[in-house]
Amino acid sequence: MSELATRATVTSASAKAPAKPVRWLRLAAWLALLALLLVLPLYLGSEWLKAGQWMMTGAVGSIGLTMLVGQAGQLSLAHAFFLLMGGTTYTVLASGTEDGRVIGFELNPLFSMVAAIVVTALLGLAFAPVSGRLRGIYLGVASLSLVFIGLYFGQSADRLTGGTSTGRTPAPFELFGITFDNSGGLVVLGVPFRQAEKMWYLYLALTVIAFVLARGAVNSRVGRSWRAVRDHEASAAAMGVSVARAKAGAFAVSSAYAGLAGVMTVLWFDILKPDENEFGTYGINVSIAYLAMVIIGGLGSIGGALVGALIVFGLPQVLSLYSTQLGIFTGSGEGAFTPILVSTFVYGAAIILVVLFEPGGLAAIGRRITGGLHRERKKEGTSR
């Protein structure tokens, strides 16, 4: 995995830095995308907004994982564990006791969200003694054990999680006196803002903040230390980089992002319900799905992580919404194909194609297209 991450970075590092016109073009494209996302709730139905929220949940989690795997070179399959820990922390702190059935503190939801991020970061930091001594597939297998620890925790700590049979309901998010549910009579441009519209803007704000912070970390001294450790630990240590600190920091940051994605997950489902086995909302399949996002998008690429989440988490949602109209998952018989199964085949094939033909993922393809356009403009300017 670290070799694939290195090859992906070499692809981008070997290219010259983009000229100012290209950078301004990229900035304009990001701003145009943001403007589009801001007006979508005025035109889309609640089911499409719900699907978009799930994609943004995946985007936040995949941003954290691509920094760990792509930038720091540490393979992790523990993302599902930190999702569960983040969702549990938020629910316990923000929710009530439900007639004494569970433990709840009814604290401010924003404080509970921040606390969930801090708790998961500390849990990731606690894994540092392991991540500092292992790398590659050995670290991946060791991190996988956390998923099984989370499975046991969810089933046994029913006073916190609500148990596998009923779960527990998280408190609705509240900010500046606005409750993100169907209450209130807020109307914008003739569109009533109910839970779907409010949650869309909350998730969009969290995704933008996560994206900006990640870009800042990658381009800072911290990001350079991660890449130095990933490429060659001995050389990084010789240059004065604390290898143990860099690895621990990368794992803590990635865990914090997963914790935030866990909060977004329980708010999206409107329930915290632990899994009954190792495959479910917080199971091995989820950890693999997040890893698929960062491989397809491009290891180490923040923008690529967004595209990977769009494919892996977005495709099942889109196929589910369109399945009735398309008629591809209906008919006689039990129906072996479902939107989730088809999506699994699609992103599984995408991973194989990326590993074989484009280690840099979709992000490398985007850089290649952008670089080609810049060279064409440069040739036109020279010919004139």
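Analyst: What follows describes the pocket, then the nonpolar core and one further helix. The model is predicted.

The second largest pocket holds about 700 Å³ of space. Its lining is made up of 25 residues, and those nearest the centre are Leu33, Leu37, Met56, Leu204 and Leu306. The most comes from α2, which gives 7 residues. By class, 22 of the lining residues are nonpolar and 3 are polar, with no charged residues.

Leu306, one of the residues nearest the pocket centre, is also in contact with Ile63. Beyond its neighbours within four places in sequence, Ile63 also contacts Ala210, Phe211, Ala214, Tyr257, Ile302 and Ala305. Ile63 belongs to the largest nonpolar core, which has 83 residues. Together with Met67, Tyr90, Tyr203, Tyr290, Leu291 and Val312, Ile63 is among the members that touch the most others. Helix α13 (residues 243-269) gives the most to this core, with 13 residues. In soluble globular proteins, nonpolar side chains tend to be buried together.

The buried residues in question are Pro109, Ser112, Met113, Ala115, Ala116, Thr120, Ala121 and Gly124. Helix α5 runs over residues 109-126, and its 18 residues reach 25 Å from first C-alpha to last, close to the expected 26 Å.

Methods
Residues are numbered from 1 along each chain as its sequence is written. This is a predicted model: local features need pLDDT of at least 70, side-chain atom pairs count only at pLDDT 80 or more; totals for chains, interfaces and linings use all residues. Side-chain values use heavy atoms; hydrogens and water are left out. On a 1 Å grid over the protein atoms alone, a cavity is a set of points where a 1.4 Å probe fits but cannot get out, and a pocket is an open set with protein on both sides within 12 Å along at least five of seven lines; lining residues have an atom within 4 Å of a point. Grid points are joined across faces, edges and corners, and a volume is the space filled by probe spheres set on the points. Helices (H or I, at least four residues) and strands (E, at least two) are DSSP runs, numbered from the N terminus. Ala, Val, Leu, Ile, Met, Phe, Trp, Tyr, Cys and Pro count as nonpolar, Asp, Glu, Lys and Arg as charged, and the others, Gly among them, as polar. A nonpolar core is a set of buried Ala, Val, Leu, Ile, Met, Phe, Trp, Tyr and Cys residues joined through side-chain atoms within 4.5 Å. Buried means under 20% relative accessible area, exposed over 50%, partly exposed in between (1.4 Å probe, protein chains only). Contact means heavy atoms within 4.5 Å. The expected span of a helix is 1.5 Å times one less than its number of residues.
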